[in-house]
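Take a moment to get ready for a guided walk through a protein.

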Amino acid sequence: MNIATKKVDVTKEAAALLEKMGVAKELYTGGDMPSYSPVTGEKIGNLKTVSAAEAAAKIEKAHEAFKAWRLVPAPKRGELIRLLGEELRAFKADLGRLVSIEAGKITSEGLGEVQEMIDICDFAVGLSRQLYGLTIATERPGHRMMETWHPLGVVGVISAFNFPVAVWSWNTALALVCGNSVVWKPSEKTPLTALASQAIFERALARFGDAPEGLSQVLIGDRTVGEVLVDNPKVPLVSATGSTRMGRDVGPRLAKRFARAILELGGNNAGIVCPSADLDMALRAIAFGAMGTAGQRCTTMRRLFVHESVYDQLVPRLKKAYGSVSVGNPLESTALVGPLVDKAAFDSMQKAIGEAKTHGGTVTGGERVELGYDNGYYAKPALVEMPKQAGPVLEETFAPILYVMKYSDFDAVVADHNAVAAGLSSSIFTRDMQESERFLAVDGSDCGIANVNIGTSGAEIGGAFGGEKETGGGRESGSDSWKAYMRRATNTVNYSKALPLAQGVSFDIE
């Protein structure tokens, strides 16, 4: 069902939210870079961009801030993040609403993204007292060996439109408690939420009281500004989220100067429905995984392999769900599916559907939904039954398209599951312990995230987030991802009066 609503004044509401969160009006009016809301296609801001020289100056300022911040004890650094979490709680509704306006997310997903920010702050506060190194056994008597973790420097963050603020928080909360400073280049499609997040951070800074100036900064601009961040020798780590194509450019540039990279790139994610699966559970998980955020998550389920014994039970129910799911304006309705980010995304979706048909695909849905917005691109999610995995099925299309295929042999379906370039998220629906364990084993799913009886989307911050192959191989958020933001030193202390050498080496001098 399609939910039509009255046209909302997104420009006015965005301005009111920005003002409430403390963003100076001159930052988003009268500038040279327009910002649009995918909800209606209307312009909601004109932002002032920074030049390459200004970007370099901000990085230099961040470097100076790092030199002071690294001397602050880690638990004290955690106090700043605790205050940031408090400010985010206070502005959760406002920032979540702005995410919906600028990224097109439904209300619960906009609020959920801010909740991710709050959750990672809680995680990082605890982490500030747990930056542990090891005491290592040494072969030399009278010696002690250990590892020490030190702050790294300026951390560059390049984020994408689909999670315009959560990804920044994953990186920033960890980077700051680890003793680093942060310079953030947000997507050109979602710069207003970046300004709002920075304003909220500055409220936390004001309460903290004695943090160095330039600890967190935002670079508004296009690819050129991103290149300044990637190429600057005073930025030892860049965490970049986006397409695999972007990663192929960023990765080598960082490697050329021996900088570190955390790359969160493409995800052609799949689910497998086994004969023993709870089909009611699988249906709900697949529906959210494939249609949530209008298919614009890096963890969106894009391929589904269904065992031939349950195919005719599950797929008709999926088709019914696709036919009845509500599509509409996320600001003024209870629709479950909002807009695609822009016309290019819609055109890409239609191209993929057309290619699927040439490979024998049968399409349910996929058409544009007219809500009275000439430049707002809404589409019915598409379920495409495919005879085999070919053509667009092997590629990531950032839109709500789910390719469905039958399988009969478990080993063969795992091979098909892994036969794509990306390796981010995966899931299996089964009540057979052997199948679930084989899926999680070394010769099972080759993804960074492998789930049993839940979908591919909705990762919690407690686990390390990231993937393999063309997904980039980086990790953010929970577990021991903090180590990427620090440098390790191995220390050996000789407290004896002798000087034994390792490996029994003898080097005697008179």
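In which segment does Leu499 lie? Leu499 is found in the segment after strand 25 (486-494); helices (H or I, at least four residues) and strands (E, at least two) are DSSP runs, numbered from the N terminus. Before going further, note that this is a predicted model, in which local features need pLDDT of at least 70 and side-chain atom pairs count only at pLDDT 80 or more, while totals for chains, interfaces and linings use all residues. Residues are numbered from 1 along each chain as its sequence is written, and side-chain values use heavy atoms, with hydrogens and water left out.

Is Leu499 buried or exposed? Leu499 is exposed, with a relative accessible area of 67%. Here buried means under 20% relative accessible area, exposed means over 50%, and partly exposed is in between (1.4 Å probe, protein chains only). Together with Leu501, Val505, Phe507 and Ile509, Leu499 makes a nonpolar surface patch of about 580 Å². Patches are made of residues with over 30% relative accessible area and no salt bridge; like charges are joined within 9 Å, and nonpolar side chains (Val, Leu, Ile, Met, Phe, Trp, Tyr) within 5 Å. The accessible areas come from the Shrake-Rupley method with a 1.4 Å probe, and for residues only the protein chains shown count as cover.

Now let us look for empty space. Rolling a probe the size of a water molecule over the atoms shows where such space is left. On a 1 Å grid over the protein atoms alone, a cavity is a set of points where a 1.4 Å probe fits but cannot get out, whereas a pocket is an open set with protein on both sides within 12 Å along at least five of seven lines; lining residues have an atom within 4 Å of a point. Grid points are joined across faces, edges and corners, and a volume is the space filled by probe spheres set on the points.

The structure holds two cavities of 30 Å³ or more. The largest cavity contains about 160 Å³ of space. It is lined by 14 residues, and the closest to its centre are Phe163, Trp170, Cys298, Thr299 and Phe465. By class, this lining divides into six nonpolar, four polar and four charged residues. For these classes, Ala, Val, Leu, Ile, Met, Phe, Trp, Tyr, Cys and Pro count as nonpolar, Asp, Glu, Lys and Arg as charged, and the others, Gly among them, as polar. The second largest cavity has a volume of about 50 Å³, and its lining includes Ala103, Lys105, Asn162 and Pro339.

The pockets come next. How many residues line the largest pocket? There are 42 of them, with Lys189, Gly242, Ser243, Arg245 and Met246 nearest its centre. Helix 8 (223-231), helix 9 (244-256) and helix 12 (343-358) are the elements that give two or more residues to this lining. The volume of the largest pocket is about 1,300 Å³, and its lining has 15 nonpolar, 13 polar and 14 charged residues.

The second largest pocket has about 460 Å³ of space. Of its 22 lining residues, Leu27, Lys58, Gln198, Glu202 and Val218 lie nearest its centre. Helix 7 gives the most to this lining, with five residues.

Side chains of opposite charge can pair when their charged atoms come close. In a salt bridge, a side-chain nitrogen of Lys or Arg is within 4 Å of a carboxyl oxygen of Asp or Glu, and a search of the whole structure finds 30 of these. One of them joins Arg207 and Glu87 (2.9 Å, N to O). Because Arg207 lies in helix 7 and Glu87 in helix 3, the pair ties together parts that are 120 residues apart in sequence. Arg207 is partly exposed at 44%, whereas Glu87 is buried at 9%.

Another salt bridge pairs Arg82 with Glu79, whose closest N and O atoms are 2.8 Å apart. These two residues are three apart in helix 3, so about one helical turn separates them. Finally, Glu79, Arg82, Glu86, Glu87 and Arg207 are linked in a network of salt bridges.
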